Amino acid sequence: MALENIRIVLVNTSHSGNIGSAARAMKTMGFSSLYLVDPACEIDSHASALAAGATDILGTATTVSTLEEALEGCTLAIGTSARSRTLSWPMVDPRGCGEKLVNESQQGPVALVFGRENSGLSNDELQLCNFHVCIPANPEYSSLNLAMAVQTLCYETRMQFLDRQEQVVEEDEAEYPSNEQMQRFYEHLEKTFGDTGFIIKQHPGQVMTKLKRLFNRARPEQQELNILRGMLTSVDKQMKDPK
């Protein structure tokens with residue numbers, strides 16, 4: 001069931017052939033769940049030709065308008081990214097990426113997110129992901145096309161899946177909140193501490209980015225998130241009715 005729960009998410013893909021090639025890469029590794037976020041092209045005959053027998057994946061692909069929609073119900077999202085000095089975020093290598101996806105997909109949907117061919121994922125999109133993964137390609141020529149990146153990370157994930165099939169692995173029984181539950185928490189956090197004056201409402205970005213990074217790194221469990229939401233609610237009540 002694990003691989004069926006892993007969504008391959010392509011954001012704003014501009015060439016239909018890349019979608020077809022990505023579908024082919026997915027199918028060779030046993031993946032079937034393809035999500036297209038605001039694609040700049042249609043699935044056409046060129047996509048079908050390059051899918052080379054993986055047209056069933058194209059036929060069942062889910063198209064949505066935003067990355068938030070693609071991540072609905074997911075408890076883990078890993079975004080592909082080059083290492084950046086401007087947006088420090090928890091990083092995993094391809095093998096660690098595969099391990100996390102396989103482990104958590106035992107409990108429900110997870111996502112592996114790929115960005116645009118020319119510019120990757122935006123900072124806002126990357127902040128929706130719990131971890132970033134960077135493929136350590138040759139620094140003198142690190143030009144991987146979309147399908148190559150999909151193939152590489154799907155391969156690493158499949159290897160972890162096969163290892164798991166051969167070994168008895170202790171399962172992590174913790175229940176994690178979904179992506180949309182985390183986004184609602186961030187909205188609540190920003191509103192509450194905006195009301196207290198801790199966060200400047202006109203310029204919340206810097207503080208909120210660091211807080212999101214903190215909580216994405218910590219990955220609170222569902223019960224822990226409930227406690228955090230309860231703490232915020234208690235602050236809200238105190239602000240409305242101070243004693």
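How many cavities of 30 Å³ or more does the structure hold? The structure holds one.

## Basis of the model

This is a predicted model, in which local features need pLDDT of at least 70 and side-chain atom pairs count only at pLDDT 80 or more, while totals for chains, interfaces and linings use all residues. Residues are numbered from 1 along each chain as its sequence is written, and side-chain values use heavy atoms, with hydrogens and water left out.

## Cavity

The largest cavity has a volume of about 140 Å³. A cavity is a set of points, on a 1 Å grid over the protein atoms alone, where a 1.4 Å probe fits but cannot get out; lining residues have an atom within 4 Å of a point. Grid points are joined across faces, edges and corners, and a volume is the space filled by probe spheres set on the points.

The lining of the largest cavity comprises 17 residues, and those closest to its centre are Thr-75, Asn-130, Pro-177, Met-182 and Asn-216. H8 and H9 are the elements that give two or more residues to this lining, and H8 gives the most, with four residues. By class, the lining has nine nonpolar, seven polar and one charged residues. Here Ala, Val, Leu, Ile, Met, Phe, Trp, Tyr, Cys and Pro count as nonpolar, Asp, Glu, Lys and Arg as charged, and the others, Gly among them, as polar.

Helix H8 (residues 179-195) and helix H9 (residues 205-218) pack with their axes 11 Å apart and at an angle of about 140°. Axes are lines fitted to C-alpha atoms, for helices over the stretch in contact, and angles run from 0 to 180 degrees between N-to-C directions. H8 and H9 are therefore oblique to each other; angles under 35 degrees count as roughly parallel, over 145 as roughly antiparallel, 65 to 115 as roughly perpendicular and the rest as oblique. The contact (heavy atoms within 4.5 Å) involves Met-182, Phe-185, Tyr-186, Leu-189 and Glu-190 of H8 and Met-208, Leu-211, Lys-212, Phe-215 and Asn-216 of H9. Seven nonpolar, one polar and two charged residues make up the contact of H8 with H9.

The axes of H8 and helix H10 (residues 222-240) cross at roughly 25° and come within 10 Å, which makes H8 roughly parallel to H10. This crossing is left-handed, whereas H8 passes H9 in a right-handed crossing. A crossing is left-handed if the near helix is turned anticlockwise from the far one by less than a right angle, and right-handed if clockwise.

## Packing of H5 with H7

For helix H5 (residues 94-105) and H7, the axes lie 8 Å apart at an angle of about 55°, which makes H5 oblique to H7. H5 passes H7 in a right-handed crossing. Contact residues include Pro-94, Arg-95 and Gly-98 of H5, together with Leu-153, Glu-156 and Thr-157 of H7. The residues of this contact divide into five nonpolar, four polar and four charged.

## Pocket

The largest pocket contains about 800 Å³ of space; a pocket is an open set with protein on both sides within 12 Å along at least five of seven lines. Of the 34 residues that line the largest pocket, Thr-80, Ser-81, Ala-82, Gly-120 and Leu-144 lie nearest its centre.

Helix H6 (123-126), strand E7 (131-133) and helix H7 (146-166) each supply at least two residues of the lining. Helices (H or I, at least four residues) and strands (E, at least two) are DSSP runs, numbered from the N terminus. The largest share, three residues, comes from H7. By class, the lining of the largest pocket has 17 nonpolar, 14 polar and three charged residues.
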